[in-house]
Amino acid sequence: MITEATSQPAQAPRRWLPGRLARPGIWQITAITVALVLTLPVLVIFAHVFVPAGEVWSHLRETMLGEYVANSLLLLFGVGVGVLVIGVPVAWLVSVCEFPGRRIFQWALMLPLAMPAYIIAYTYTGMLDFAGPVQSLFRDLTGLGFGEYWFPEIRSLTGAMLMLTLVLYPYVYLLTRATFLEQSVCVLEVSRTLGSGPYASFFRVALPLARPAVIAGLTLALMEVLADYGTVAYFGIPTFTTGIFRTWYGLADPAAAAQLAAVLLSFVFALILLERWSRMRARFHHTSSRYSNLPRYRLRGWKASAAVAACLLPVLFGFLIPAVQLSIWAARTIDHWMNPDFAQLVFNTFYLAAMAAVIAVALALVLAYARRMQGGLITGIAVRVAGLGYAVPGTVIAIGVMLPFAWFDNTLDSFMRDRLGVSTGLLLSGTLFALLFAYVVRFLAVSLQTVEAGLGKIKPSMDDAARSLGVHPLGTLTRVHLPIMRGTLLTALLLVFVDVLKELPATLILRPFDFNTLAVRAFELAGDERLAESSSAALAIVLVGLLPVILLSLTIERSRPGQRMRRRNGDSAQAEPIAVPAGTRGA
Amino acid sequence: MTVTSRNPAAAAEVVLDDVDVGYAGQRVVHAISLELPRGQIGCLLGPSGCGKTTLLRAIAGFEGVMRGEIRLNGESVSRPGFTLPPEKRSVGMVFQDFALFPHLDVAGNIAFGIRRWGRGDRDRRVRELLRLIGLSGYERAYPHALSGGQQQRIALARALAPRPELLLLDEPFSNMDVELRTDIAREVRAILRAEGTTGMLVTHDQNEAFAFADRIAVLNNGRLSQWDSAYHLYHRPADRFVADFVGEGTIIPGKVCENDCVETALGRIRGPLSDRFVPGTALDVLVRPDDIALDNEHGEIEAEVLSKAFRGADFLYTLRLRDGTEILCVAPSHDNFVVSDHVRLRLNFSHLVVFPRGDSGTRR
């Protein structure tokens, strides 16, 4: 008898994990979930646009809103002009000209990045107020007394513009310098052979080529202006952020605060659109792949002095003077802060920042890897959306976190009390969880950008190679990607860590009761006119803030295409020119 | 060279059975069927965009199949709805950009796929492979410090380390100097032979394919034109595409005048013809440059030199016959004619290759 065999090909046993991970969907779903959770605060804020306006809102609209808008616009305008006037010329000077101290200036000009605006603001206030060293010296020199002379008031809108400009110009400087360095030498050489001198080359070639980068740097600076709370609060200037705080705490109207936040957000999104638009136009950047050292214009005489002065002043006022003043205060108040309380404060802050950094980098890794595994349109959008938080001011995120978390806590609490007679109290709001969540929303973009750039440098064939050698996708991540990206991951951790360290408004709103960080302590003491005592916390923030600045300056130095090539092939490239003359001499 | 050569039976037999591959609903490769016996070396040859890399990735398991089945040693590894993941296939792959792991040294790269072996076995295998590829002593070097050719051989050794049943090579020579390519292809072939592994190469370069493979699949626009030896691809092309893509030549119109004889602008060409070409049928004849000889003494066909290309040992002439037909002709370089010279030709056909008129891509 012949039975027909049902030819069922033997199915290989499949382990659950690798098979699952290899299947499309899992990564995509993860990315979408993360993106949705992280956009919750922004969605909450925008949802409040549709909440019927209450009394407080109409009151705000009639009285304060105009002032908020006007002040915010004036600040944007003033700081915008300021950062351009400082940032672009110094970038050109250190990239293309040669003058004494240029090599030091090219990294020193980034130092103000380490200085949070609110810290520089109250440092100058302390220095310039009536009892401060500047006015005291002035009185001693002139013999004038109180009320007998006019002195500019630093705690004003103009003062805030100056303060913000001094710490934000590095954004423009950084990005503009990067493009000046990337600009192909050919373009500049062509410009010179066509008879353009240094000034003409700058205005006719270099600047138009750098325009997208200038705009990108400007947008970053302006986003910081919109996000700033510490400076304007300390100077008592009514803007959106201070208005949100006032509505939230003073008027106790969350809905109106959220509506104010929504208006602020629309300003931010306008800036994002400006930035996107400028990036779209950045395509004409790399016209030639030939790079070499730019032939620098050597400046002499008064021109060299002017260049030194132009580079020195921003560093002096943006970093050196305030840093020295802080150090003097810190030294004078050493008894005040050399104690376990301060150690606890440092520990709290570092612990919080480290936690946030680890979470943000881990999530960034998941998102970036999802995009690599299943880089479809939807995953791409999800990853993009998850990174939008960086543009959103901390105040707005804090409100957006607080509202749903408080709602959840209250709902759960009343439910539990009704049904079980137990009070659950605050589970989410007012805990470190809420604070960490806000940090991750705000700073995920920092880690995401770094991790994506690192992952992007690893060719897809690496993944294929690992898999063809018997390693499943998760193993590929741990055995190939992570080791290759070690440096990138450390950078990402550091960047998020420092950003969290400096963060003020979200921490002020969301911190658990009696939980302090360095930033909060510095701000509160300064607000109580105890400037000297606040200096230790401020100085700690500035010192840690220097780390990414150093890192950044090293990265830029290496980022110039020609530079990197030479360095990597250093051995062979150097061996050749030496070997050839030696050979000819022998013959 | 002492290589622990393996029983060739452990090498894989590759069978593609009516395979369609594509992305997102779009089929890139259509109805491919071919069999590569164990221990042999095959090649997927075709112009860029013909789907050869896609097909290779399907064999590796990076892409699923939409139709048909892929079998390795009789085991079904790909069919619609099921794709055995690449890490479970015992298939090695050498990539176009080599894809060496930059964070590992040479020994670490080669040992990557055999991490579960005992330490002694692993070290021995690494040493053995380094000897095989002629890079002993480079264990501690890092990939970025090696030349392109060295990186390529490390990539090969890494892929061979776990003793894959099948080794896939995706244009592995395309980043090399042109002069080196065929040499390296021959070298790699010798290494594969020594390892007793079945191999499958993807390339768009026919010289590479000829130097490397026992059997070559010519792919045209996602379809298999011919799966044959290099000799047969040249002398017995299955269709016009193969005739055109492999080697040089021209296709000229003709008409069957009697059994096994075709009347063309070159005169009557004799050779065995299929029965379906009855006298009077219009058809096209493939004329290879070596089917024609320049012979001013005995030649009966007149032609004019249109252009010529010096190729070292010989010239490749482009000639125009009296009726305007253009043909190619190879002649030794000591006969040096100049453009617009009139020459005489003699037929030198060893066999006749014809295609039905109007047939552009299908099999004979």
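**Exercise 1.** Among contacts in chain A between residues at least 6 apart in sequence, what percentage join residues at least 24 apart?

*Solution.* Start with the term: two residues are in contact if their C-beta atoms, placed from the backbone, lie within 7 Å. Now keep the pairs at least 6 apart in sequence; of these contacts in chain A, 83% join residues at least 24 apart.

Before going on, note that this is a predicted model, in which local features need pLDDT of at least 70, side-chain atom pairs count only at pLDDT 80 or more, and totals for chains, interfaces and linings use all residues. Residues are numbered from 1 along each chain as its sequence is written, and chains are lettered from A in the order in which they are written.

**Exercise 2.** Find which elements of chain A touch chain B.

*Solution.* First, count: 20 residues of chain A are in contact with 22 residues of chain B. Next, look for elements giving two or more residues to this side of chain A: they are α1 (16-22), α20 (460-468) and α21 (473-484) of chain A. Helices (H or I, at least four residues) and strands (E, at least two) are DSSP runs, numbered from the N terminus. Finally, α20(A) gives the most, with six residues.

**Exercise 3.** Work out how β20 of chain B pairs with other strands.

*Solution.* Two strands pair if DSSP finds at least two bridges between them. Step one: β16 (292-294) of chain B runs antiparallel to β20 (342-347) of chain B, with three bridges; here A293(B) has R346(B) as its bridge partner. Step two: β17 (301-310) of chain B is also antiparallel to β20(B), joined by four bridges, and E302(B) is partnered by R344(B).
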